[in-house]
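Welcome, and please take a moment to look over the sequence and the fold below. The notes that follow walk through a few spots worth a visit.

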Amino acid sequence: SRTMRLAVIPGDGIGQEVVAQGLKVLNAVLPSDVKLETREYDLGARRWHATGETLPDAELESLKDHDAILLGAVGDPSVPSGVLERGLLLKLRFAFDHYVNLRPSKLFPHTDTPLAGRPEIDFIVVREGTEGPYVGNGGSLRTGTPHEVATEVSLNTALGVERVVRDAYERAQARPRKKLTLVHKNNVLVYAGHLWKNVFDRVGREYPEVTTDYLHVDAATIFFVTQPERFDVIVTDNLFGDILTDLAAAVTGGIGLAASGNINPTGAFPSMFEPVHGSAPDIAGTGKADPTAAVLSVALLLRHLGHEAEADRVEEAVADDLAARGTGPRTTDEIGDALAARVSG
Ligand code: NAD
Ligand code: IPM
Ligand code: MN
């Protein structure tokens with residue numbers, strides 16, 4: 001029998017609530033010859049208040065000893081903004097070199113969206129995960145004075161851009177439509193923009209079957225709303241990808257359905273799967289959180305670890321559940337139970 005060693009970081013707010021449902025569905029879908037070993041990490045706001053720690057080195061080290069990581073969300077109004085986001089979530093993405101932040105968007109039929117009834121929407125955003133404006137390359141002078149100066153310099157390396165662009169071409173090549181769109185802002189951010197565009201064009205010569213195009217990020221937001229069916233694979237910078245994927249979620253069924261994988265394609269470190277959404281302090285504890293994004297993140301995790309059939313079952317369960325959704329609201333737990341029943345039934 002095989003063992004799946006899974007590290008679980010529920011984190012804060014609704015992260016705790018939706019991860020419980022993700023594990024429920026994972027337990028229900030795994031074949032009996034796969035033994036699931038989970039280790040739960042107590043990281044997030046509670047831990048920080050109790051000990052001042054965000055992610056101690058020993059825990060970072062022990063996380064490496066897993067096949068994958070399932071994370072809920074981090075961030076809490078009682079902790080200064082950035083402490084947990086940078087000290088825990090981004091620390092993990094950087095330490096484990098999660099350079100492909102994979103964020104699929106699919107318009108499930110029957111979902112409540114401004115685009116309901118539109119032609120099929122099925123695209124993936126390949127968001128760079130380790131560079132750009134996220135690296136902490138900045139500082140503040142004369143802080144708190146009327147003459148304060150703050151910088152936040154975007155870091156873009158040829159190697160870092162090439163590896164994610166190449167990954168995106170591979171994904172486009174493997175899909176029926178074989179289309180790849182680069183999204184940037186090279187009319188203003190000329191240094192980073194030209195690096196991205198040059199790498200995109202050069203690598204593209206190795207993929208003659210892939211149709212390419214380029215959009216400035218502001219125009220891309222228009223097409224996400226007015227013409228999302230034009231997209232197949234999108235590759236973009238860390239910050240643009242963050243913003244675009246919340247928008248993609250909103251137009252394809254809601255933030256409660258959007259899943260993501262922070263992938264290290266080399267396998268050198270475990271990849272990490274998490275909903276696109278955050279800890280949602282406004283609804284934490286009310287049972288209103290939709291756990292579907294966490295459950296679909298489990299599907300991405302299963303696919304990443306080679307459990308294709310189980311990943312398909314989870315995604316089908318979600319599609320069927322959405323199709324069967326009535327008008328009355330269901331709790332987080334009820335949706336988790338319904339999905340678990342569908343994958344085991
Ligand atoms: P958010 O995604 O937590 O919430 C935005 C809105 O979406 C809220 O109205 C929330 O109620 C709603 N929402 C989110 N997930 C939902 C779900 N599953 N079901 C139903 N509604 C849902 O974003 P925010 O409010 O900007 O951030 C809150 C905190 O989360 C901040 O501390 C932020 O830094 C953090 N955050 C963490 C992650 C992460 O851990 N990956 C991602 C985004 C934000
Ligand atoms: C996300 C979040 C994170 C990001 C934050 C919490 C660091 O918004 O996963 O989309 O910006 O990447
Ligand atoms: Mn985000």
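Ala280 counts as buried, with 22 C-beta neighbours inside 10 Å. Here a residue is buried if 20 or more other C-beta atoms lie within 10 Å of its own, exposed if 12 or fewer, and partly exposed in between, with C-beta atoms placed from the backbone. Ala280 sits in the loop between β12 (271-275) and α9 (292-304); helices (H or I, at least four residues) and strands (E, at least two) are DSSP runs, numbered from the N terminus. Although it is not a glycine, Ala280 has a positive phi of about 40°.

Before going on, a word on the model: it is predicted, so local features need pLDDT of at least 70 and side-chain atom pairs count only at pLDDT 80 or more, while totals for chains, interfaces and linings use all residues. Residues are numbered from 1 along each chain as its sequence is written, and chains are lettered from A and ligands numbered from 1 in the order in which they are written.

## Arg142, another positive phi

Arg142 is not a glycine either, yet its phi is positive, at about 50°. You will find Arg142 in the loop between β6 (138-141) and β7 (149-152). Is Arg142 buried or exposed? Arg142 is exposed, as 10 other C-beta atoms lie within 10 Å.

## Around the two ligands

Ala280 comes back at ligand 1: of the 20 residues around this ligand, Gly75, Gly256, His277, Gly278 and Ala280 come nearest. A residue belongs to such a shell if its C-beta atom, placed from the backbone, lies within 6 Å of the molecule. The elements giving two or more residues to the shell around ligand 1 are α1 (14-29) and α4. By class, this shell has 11 nonpolar, five polar and four charged residues; Ala, Val, Leu, Ile, Met, Phe, Trp, Tyr, Cys and Pro count as nonpolar, Asp, Glu, Lys and Arg as charged, and the others, Gly among them, as polar.

Around ligand 2 are Gly75, Glu85, Leu89, Leu90, Asp242, Val276 and Gly278. Which helix gives the most to this shell? It is α4 (residues 83-95), with three residues. The classes around ligand 2 are three nonpolar, two polar and two charged residues.

## Sites listed in UniProt

An unreviewed UniProt entry lists Asp218, Asp242 and Asp246 under "binding site"; such positions are given in the numbering used here, feature names are shortened, and annotations may be inferred rather than shown by experiment. Although spread over 29 residues of sequence, these three cluster in space, with a largest C-alpha distance of 14.4 Å. Asp218 belongs to helix α7 (residues 217-226) and is exposed, with 12 other C-beta atoms within 10 Å. Asp242 belongs to helix α8 (residues 238-251) and is partly exposed, with 19 C-beta neighbours inside 10 Å.

The unreviewed entry in UniProt also places a "binding site" at Arg93, Arg103, Arg127 and Asp218. They span 126 residues in sequence and the farthest two C-alpha atoms are 26.3 Å apart, so they do not all gather at one spot. Arg93 is part of helix α4 and is partly exposed, with 18 C-beta neighbours inside 10 Å.

## Helix α11

The buried residues of α11 are Thr332, Ile335, Gly336, Leu339, Ala340, Arg342 and Val343. Seen down the axis of α11, they fall within an arc of 160°, so they line one face of the helix; the arc is that of the directions from the helix axis to the C-beta atoms.
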